[in-house]
Amino acid sequence: MTDPEALLTHGYRQARDITRMHGTTYYWGTLFLPPQQRRDVYGLYALCRLADDIVDEPDKATGHGLDASLPPGERLAQFEQRFQADLAAGRSDDPLFAAIVDTARRLDLDSGCYDRFFGAMQLDLVRSSWASWASWPQLRDEYMEGSAAVIGEMMLPVLRPRSREAAFAPARALGLAFQLTNFLRDVGEDLERGRVYLPADELAAHGADPWLRRVTPQWRAFMAEQIARNRALFHDAEAGLPHLPASSRRCVGAALAMYSRILCLIEAADYDVFSTRHRVSAARKSAIAGAVVVTGRARTAAPVAPSSSAVANEPAVTSSAS
(Lines give C-alpha, C1' and ligand atoms only; values in the text may rest on other atoms or scores of the structure.)
Protein backbone atom coordinates (compact mmCIF):
# COMPACT_ATOMS: atom_id res chain seq x y z
CA MET A 1 0.00 0.00 0.00
CA THR A 2 1.84 3.10 -1.26
CA ASP A 3 -0.83 5.82 -1.10
CA PRO A 4 -0.18 7.64 2.23
CA GLU A 5 -3.83 8.59 2.68
CA ALA A 6 -5.03 5.05 2.00
CA LEU A 7 -2.38 3.71 4.37
CA LEU A 8 -3.53 6.10 7.09
CA THR A 9 -7.19 5.31 6.56
CA HIS A 10 -6.44 1.60 6.81
CA GLY A 11 -4.37 2.16 9.96
CA TYR A 12 -7.07 4.12 11.73
CA ARG A 13 -9.57 1.43 10.79
CA GLN A 14 -7.29 -1.11 12.48
CA ALA A 15 -6.93 1.13 15.53
CA ARG A 16 -10.70 1.54 15.72
CA ASP A 17 -11.21 -2.22 15.56
CA ILE A 18 -8.63 -2.77 18.32
CA THR A 19 -10.43 -0.23 20.51
CA ARG A 20 -13.85 -1.72 19.81
CA MET A 21 -12.62 -5.27 20.51
CA HIS A 22 -10.51 -4.70 23.61
CA GLY A 23 -11.69 -1.40 25.10
CA THR A 24 -15.44 -1.30 24.63
CA THR A 25 -15.99 1.31 27.35
CA TYR A 26 -13.57 3.69 25.66
CA TYR A 27 -15.13 2.90 22.28
CA TRP A 28 -18.60 3.79 23.54
CA GLY A 29 -17.22 7.04 24.95
CA THR A 30 -15.68 8.02 21.62
CA LEU A 31 -19.09 7.97 19.95
CA PHE A 32 -19.74 11.36 21.58
CA LEU A 33 -16.67 12.91 19.94
CA PRO A 34 -16.23 14.51 16.51
CA PRO A 35 -14.54 12.20 13.97
CA GLN A 36 -10.99 13.54 14.26
CA GLN A 37 -10.94 13.38 18.07
CA ARG A 38 -12.45 9.92 17.85
CA ARG A 39 -9.58 8.79 15.63
CA ASP A 40 -7.06 10.26 18.06
CA VAL A 41 -8.50 8.12 20.86
CA TYR A 42 -8.16 5.07 18.62
CA GLY A 43 -4.53 5.95 17.86
CA LEU A 44 -3.59 6.37 21.51
CA TYR A 45 -5.47 3.24 22.56
CA ALA A 46 -3.73 1.17 19.87
CA LEU A 47 -0.31 2.35 21.06
CA CYS A 48 -1.08 1.35 24.64
CA ARG A 49 -2.81 -1.90 23.71
CA LEU A 50 0.04 -3.17 21.55
CA ALA A 51 2.53 -2.59 24.36
CA ASP A 52 0.18 -4.19 26.90
CA ASP A 53 -0.29 -7.26 24.71
CA ILE A 54 3.46 -7.74 24.41
CA VAL A 55 3.64 -7.79 28.20
CA ASP A 56 0.52 -9.84 28.98
CA GLU A 57 -0.14 -11.96 25.89
CA PRO A 58 3.12 -12.11 23.90
CA ASP A 59 1.93 -15.06 21.81
CA LYS A 60 -0.81 -12.84 20.38
CA ALA A 61 1.32 -9.70 20.00
CA THR A 62 2.60 -10.36 16.50
CA GLY A 63 2.82 -8.52 13.20
CA HIS A 64 3.54 -4.85 12.52
CA GLY A 65 7.19 -5.58 11.85
CA LEU A 66 7.83 -6.92 15.35
CA ASP A 67 9.96 -10.03 15.78
CA ALA A 68 7.72 -12.66 17.40
CA SER A 69 10.76 -14.79 18.23
CA LEU A 70 12.08 -12.20 20.68
CA PRO A 71 11.27 -12.55 24.40
CA PRO A 72 8.70 -10.00 25.63
CA GLY A 73 11.22 -7.55 27.09
CA GLU A 74 13.25 -7.36 23.88
CA ARG A 75 10.11 -7.21 21.74
CA LEU A 76 8.78 -4.34 23.86
CA ALA A 77 12.09 -2.51 23.39
CA GLN A 78 11.85 -3.16 19.64
CA PHE A 79 8.30 -1.77 19.65
CA GLU A 80 9.40 1.38 21.48
CA GLN A 81 12.35 1.87 19.11
CA ARG A 82 10.10 1.38 16.08
CA PHE A 83 7.59 3.87 17.44
CA GLN A 84 10.23 6.48 18.27
CA ALA A 85 11.92 6.08 14.87
CA ASP A 86 8.64 6.39 12.97
CA LEU A 87 7.63 9.33 15.13
CA ALA A 88 10.88 11.12 14.34
CA ALA A 89 10.46 10.36 10.63
CA GLY A 90 6.82 11.47 10.70
CA ARG A 91 5.68 8.42 8.79
CA SER A 92 5.52 4.61 8.80
CA ASP A 93 5.15 1.87 6.20
CA ASP A 94 2.91 -0.10 8.59
CA PRO A 95 -0.71 1.11 8.54
CA LEU A 96 -1.27 0.86 12.30
CA PHE A 97 2.03 2.53 13.14
CA ALA A 98 1.18 5.23 10.59
CA ALA A 99 -2.07 5.97 12.46
CA ILE A 100 -0.33 5.95 15.85
CA VAL A 101 2.38 8.31 14.57
CA ASP A 102 -0.20 10.60 12.95
CA THR A 103 -2.04 10.88 16.25
CA ALA A 104 1.13 11.41 18.27
CA ARG A 105 2.49 14.13 15.97
CA ARG A 106 -0.79 16.02 15.83
CA LEU A 107 -1.25 15.95 19.61
CA ASP A 108 2.40 17.03 20.10
CA LEU A 109 2.70 15.28 23.46
CA ASP A 110 5.73 15.74 25.67
CA SER A 111 8.21 12.95 24.95
CA GLY A 112 8.37 12.30 28.69
CA CYS A 113 4.85 10.83 28.49
CA TYR A 114 6.10 8.05 26.24
CA ASP A 115 9.19 7.50 28.40
CA ARG A 116 7.03 7.04 31.49
CA PHE A 117 4.61 4.78 29.68
CA PHE A 118 7.22 2.43 28.21
CA GLY A 119 9.11 2.46 31.50
CA ALA A 120 6.02 1.18 33.30
CA MET A 121 5.52 -1.53 30.68
CA GLN A 122 9.10 -2.72 31.16
CA LEU A 123 8.57 -2.69 34.93
CA ASP A 124 5.58 -4.96 34.43
CA LEU A 125 7.92 -7.62 33.06
CA VAL A 126 10.20 -7.72 36.09
CA ARG A 127 7.82 -7.20 39.03
CA SER A 128 5.01 -9.50 40.11
CA SER A 129 3.96 -7.83 43.38
CA TRP A 130 3.88 -4.39 44.96
CA ALA A 131 4.67 -3.36 48.50
CA SER A 132 2.33 -0.48 49.19
CA TRP A 133 -0.06 2.19 47.98
CA ALA A 134 0.30 4.75 50.76
CA SER A 135 3.22 4.45 53.18
CA TRP A 136 5.63 3.48 50.40
CA PRO A 137 3.73 4.40 47.22
CA GLN A 138 5.61 2.00 45.00
CA LEU A 139 2.55 0.75 43.14
CA ARG A 140 1.08 4.21 42.57
CA ASP A 141 4.22 6.24 41.87
CA GLU A 142 6.47 3.71 40.16
CA TYR A 143 4.05 1.70 38.05
CA MET A 144 0.69 3.47 37.81
CA GLU A 145 2.35 6.82 37.12
CA GLY A 146 3.44 5.51 33.72
CA SER A 147 0.67 3.02 33.03
CA ALA A 148 -2.36 5.03 34.17
CA ALA A 149 -1.86 8.65 35.25
CA VAL A 150 0.14 9.49 32.15
CA ILE A 151 -2.64 8.09 29.95
CA GLY A 152 -4.95 10.72 31.42
CA GLU A 153 -2.37 13.38 30.54
CA MET A 154 -2.07 12.05 27.00
CA MET A 155 -5.83 12.33 26.54
CA LEU A 156 -6.01 16.02 27.44
CA PRO A 157 -5.07 17.35 23.97
CA VAL A 158 -7.73 15.06 22.50
CA LEU A 159 -10.41 16.33 24.88
CA ARG A 160 -9.45 20.01 24.44
CA PRO A 161 -10.31 21.31 27.92
CA ARG A 162 -11.04 25.00 28.31
CA SER A 163 -8.49 25.08 31.14
CA ARG A 164 -5.73 22.51 30.88
CA GLU A 165 -4.50 23.45 34.35
CA ALA A 166 -7.92 22.79 35.90
CA ALA A 167 -8.41 19.53 34.00
CA PHE A 168 -4.89 18.15 34.57
CA ALA A 169 -5.28 16.58 38.03
CA PRO A 170 -8.76 15.15 37.33
CA ALA A 171 -7.46 13.58 34.10
CA ARG A 172 -4.67 11.86 36.01
CA ALA A 173 -7.18 10.73 38.66
CA LEU A 174 -9.38 9.19 35.97
CA GLY A 175 -6.44 7.26 34.54
CA LEU A 176 -5.66 5.94 38.02
CA ALA A 177 -9.34 5.12 38.67
CA PHE A 178 -9.65 3.14 35.45
CA GLN A 179 -6.54 1.11 36.15
CA LEU A 180 -7.36 0.43 39.79
CA THR A 181 -10.74 -0.84 38.61
CA ASN A 182 -8.88 -3.17 36.25
CA PHE A 183 -6.66 -4.38 39.10
CA LEU A 184 -9.68 -5.24 41.25
CA ARG A 185 -11.68 -6.82 38.43
CA ASP A 186 -8.79 -8.86 37.02
CA VAL A 187 -7.38 -10.40 40.20
CA GLY A 188 -8.12 -13.93 38.98
CA GLU A 189 -6.55 -13.39 35.54
CA ASP A 190 -3.48 -11.73 37.03
CA LEU A 191 -2.95 -14.62 39.44
CA GLU A 192 -2.80 -16.93 36.41
CA ARG A 193 0.11 -14.78 35.17
CA GLY A 194 1.78 -14.90 38.59
CA ARG A 195 1.04 -11.25 39.34
CA VAL A 196 -0.75 -9.38 42.12
CA TYR A 197 -1.48 -5.70 41.49
CA LEU A 198 -2.63 -5.11 45.06
CA PRO A 199 -0.75 -3.37 47.90
CA ALA A 200 0.92 -6.11 49.95
CA ASP A 201 0.93 -4.11 53.18
CA GLU A 202 -2.86 -3.65 53.08
CA LEU A 203 -3.44 -7.30 52.21
CA ALA A 204 -1.35 -8.20 55.25
CA ALA A 205 -3.16 -5.72 57.48
CA HIS A 206 -6.48 -7.41 56.68
CA GLY A 207 -5.07 -10.93 56.69
CA ALA A 208 -6.31 -11.31 53.11
CA ASP A 209 -4.64 -13.68 50.66
CA PRO A 210 -5.64 -13.53 46.98
CA TRP A 211 -3.77 -16.77 46.31
CA LEU A 212 -6.49 -18.63 48.22
CA ARG A 213 -8.78 -17.69 45.33
CA ARG A 214 -11.85 -17.55 47.55
CA VAL A 215 -13.95 -14.93 49.30
CA THR A 216 -13.27 -14.77 53.03
CA PRO A 217 -14.27 -12.14 55.62
CA GLN A 218 -10.73 -10.80 55.39
CA TRP A 219 -10.97 -10.55 51.59
CA ARG A 220 -14.32 -8.73 51.82
CA ALA A 221 -12.88 -6.14 54.19
CA PHE A 222 -9.83 -5.62 52.00
CA MET A 223 -11.87 -5.27 48.81
CA ALA A 224 -14.37 -2.89 50.40
CA GLU A 225 -11.48 -0.62 51.34
CA GLN A 226 -9.98 -0.79 47.84
CA ILE A 227 -13.32 -0.03 46.19
CA ALA A 228 -13.80 2.99 48.47
CA ARG A 229 -10.39 4.29 47.36
CA ASN A 230 -11.33 3.58 43.75
CA ARG A 231 -14.57 5.56 44.03
CA ALA A 232 -12.70 8.49 45.60
CA LEU A 233 -10.51 8.60 42.49
CA PHE A 234 -13.58 8.56 40.24
CA HIS A 235 -15.06 11.44 42.25
CA ASP A 236 -11.79 13.36 41.91
CA ALA A 237 -12.02 12.80 38.17
CA GLU A 238 -15.56 14.19 38.05
CA ALA A 239 -14.18 17.59 39.04
CA GLY A 240 -12.64 17.90 35.58
CA LEU A 241 -15.89 17.44 33.66
CA PRO A 242 -17.07 21.10 33.86
CA HIS A 243 -13.80 22.19 32.23
CA LEU A 244 -14.43 20.14 29.08
CA PRO A 245 -16.43 21.13 25.99
CA ALA A 246 -19.81 19.42 25.64
CA SER A 247 -18.75 16.52 23.40
CA SER A 248 -15.68 15.72 25.51
CA ARG A 249 -17.70 16.03 28.72
CA ARG A 250 -20.18 13.46 27.42
CA CYS A 251 -17.37 11.17 26.26
CA VAL A 252 -15.53 11.19 29.57
CA GLY A 253 -18.70 11.21 31.65
CA ALA A 254 -20.11 8.17 29.89
CA ALA A 255 -16.83 6.24 30.19
CA LEU A 256 -16.57 7.20 33.87
CA ALA A 257 -20.13 6.07 34.61
CA MET A 258 -19.71 2.80 32.69
CA TYR A 259 -16.36 1.88 34.18
CA SER A 260 -17.27 2.75 37.76
CA ARG A 261 -20.21 0.37 37.46
CA ILE A 262 -17.75 -2.51 37.39
CA LEU A 263 -17.22 -1.79 41.08
CA CYS A 264 -20.95 -2.31 41.63
CA LEU A 265 -20.77 -5.67 39.90
CA ILE A 266 -17.90 -6.73 42.14
CA GLU A 267 -19.88 -5.69 45.21
CA ALA A 268 -22.98 -7.49 43.99
CA ALA A 269 -20.94 -10.66 43.53
CA ASP A 270 -19.81 -10.50 47.16
CA TYR A 271 -16.29 -9.44 46.01
CA ASP A 272 -15.76 -12.65 44.03
CA VAL A 273 -13.19 -11.70 41.38
CA PHE A 274 -11.76 -15.21 41.16
CA SER A 275 -14.42 -17.25 39.37
CA THR A 276 -15.65 -14.63 36.87
CA ARG A 277 -14.56 -11.45 35.11
CA HIS A 278 -17.14 -8.73 35.64
CA ARG A 279 -18.19 -6.66 32.69
CA VAL A 280 -20.93 -4.06 32.24
CA SER A 281 -23.46 -5.39 29.74
CA ALA A 282 -24.02 -3.75 26.36
CA ALA A 283 -27.61 -3.00 27.38
CA ARG A 284 -26.42 -1.19 30.52
CA LYS A 285 -23.82 0.76 28.54
CA SER A 286 -26.49 1.76 26.04
CA ALA A 287 -28.72 2.96 28.88
CA ILE A 288 -25.88 4.98 30.40
CA ALA A 289 -25.03 6.52 27.03
CA GLY A 290 -28.68 7.40 26.48
CA ALA A 291 -28.92 9.05 29.89
CA VAL A 292 -25.82 11.11 29.14
CA VAL A 293 -27.37 12.28 25.85
CA VAL A 294 -30.62 13.27 27.57
CA THR A 295 -29.21 14.90 30.71
CA GLY A 296 -25.72 15.88 29.60
CA ARG A 297 -24.44 14.57 32.93
CA ALA A 298 -22.80 11.42 34.28
CA ARG A 299 -21.71 10.38 37.74
CA THR A 300 -19.76 7.64 39.45
CA ALA A 301 -22.00 4.62 39.99
CA ALA A 302 -23.21 4.44 43.60
CA PRO A 303 -22.28 1.55 45.94
CA VAL A 304 -24.60 -1.44 46.14
CA ALA A 305 -25.12 -4.14 48.72
CA PRO A 306 -23.49 -7.50 47.96
CA SER A 307 -25.66 -9.80 45.81
CA SER A 308 -27.99 -6.91 44.91
CA SER A 309 -30.39 -7.94 42.15
CA ALA A 310 -30.06 -4.46 40.65
CA VAL A 311 -26.78 -5.42 39.05
CA ALA A 312 -26.52 -9.16 39.58
CA ASN A 313 -28.25 -9.80 36.24
CA GLU A 314 -25.41 -8.19 34.30
CA PRO A 315 -23.22 -11.03 33.03
CA ALA A 316 -19.72 -11.75 34.16
CA VAL A 317 -17.62 -12.88 31.20
CA THR A 318 -14.14 -13.97 30.33
CA SER A 319 -13.53 -11.78 27.27
CA SER A 320 -10.81 -9.12 27.38
CA ALA A 321 -13.11 -6.24 26.50
CA SER A 322 -13.66 -3.56 29.11
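Helices here are DSSP runs of H or I that span at least four residues, numbered from the N terminus. The model is predicted.

Within helix α4 (residues 72–89), aspartate 86 and arginine 82 are four residues apart, which means that about one helical turn separates them. The two residues form a salt bridge, and their closest N and O atoms are 2.9 Å apart. Aspartate 86 has a relative accessibility of 10% and therefore counts as buried, whereas arginine 82, at 22%, is partly exposed.

Other pairs join parts of the chain that are separated in sequence. Arginine 277 forms a salt bridge with glutamate 189, with 3.0 Å between the closest N and O atoms. Because arginine 277 belongs to strand β1 (residues 277–278) and glutamate 189 to helix α9 (residues 187–192), this pair ties together parts 88 residues apart in sequence. Arginine 277 is buried, its relative accessible area being 6%; glutamate 189 is partly exposed at 28% relative accessibility.

Arginine 220 forms a salt bridge with aspartate 270, the closest N and O atoms lying 2.9 Å apart. Arginine 220 is in helix α11 (residues 217–238) and aspartate 270 in the loop between α12 (246–268) and β1, so the pair links parts that are 50 residues apart in sequence. Both are partly exposed, arginine 220 with a relative accessible area of 30% and aspartate 270 with 22%.

Salt bridges with shared partners also join Arg185, Asp186, Glu189 and Arg277 into one network. The structure holds 18 salt bridges in total.

Key. Residues numbered from 1 in each chain as written. Predicted model: local features only at pLDDT ≥ 70, side-chain atom pairs only at ≥ 80, totals over all residues. Heavy atoms only, no water. Salt bridge = Lys/Arg side-chain N within 4 Å of Asp/Glu carboxyl O. Helix = DSSP H or I, 4+ residues; strand = E, 2+ residues; numbered from the N terminus. Buried < 20%, exposed > 50% of the residue type's maximum accessible area, 1.4 Å probe, protein only.
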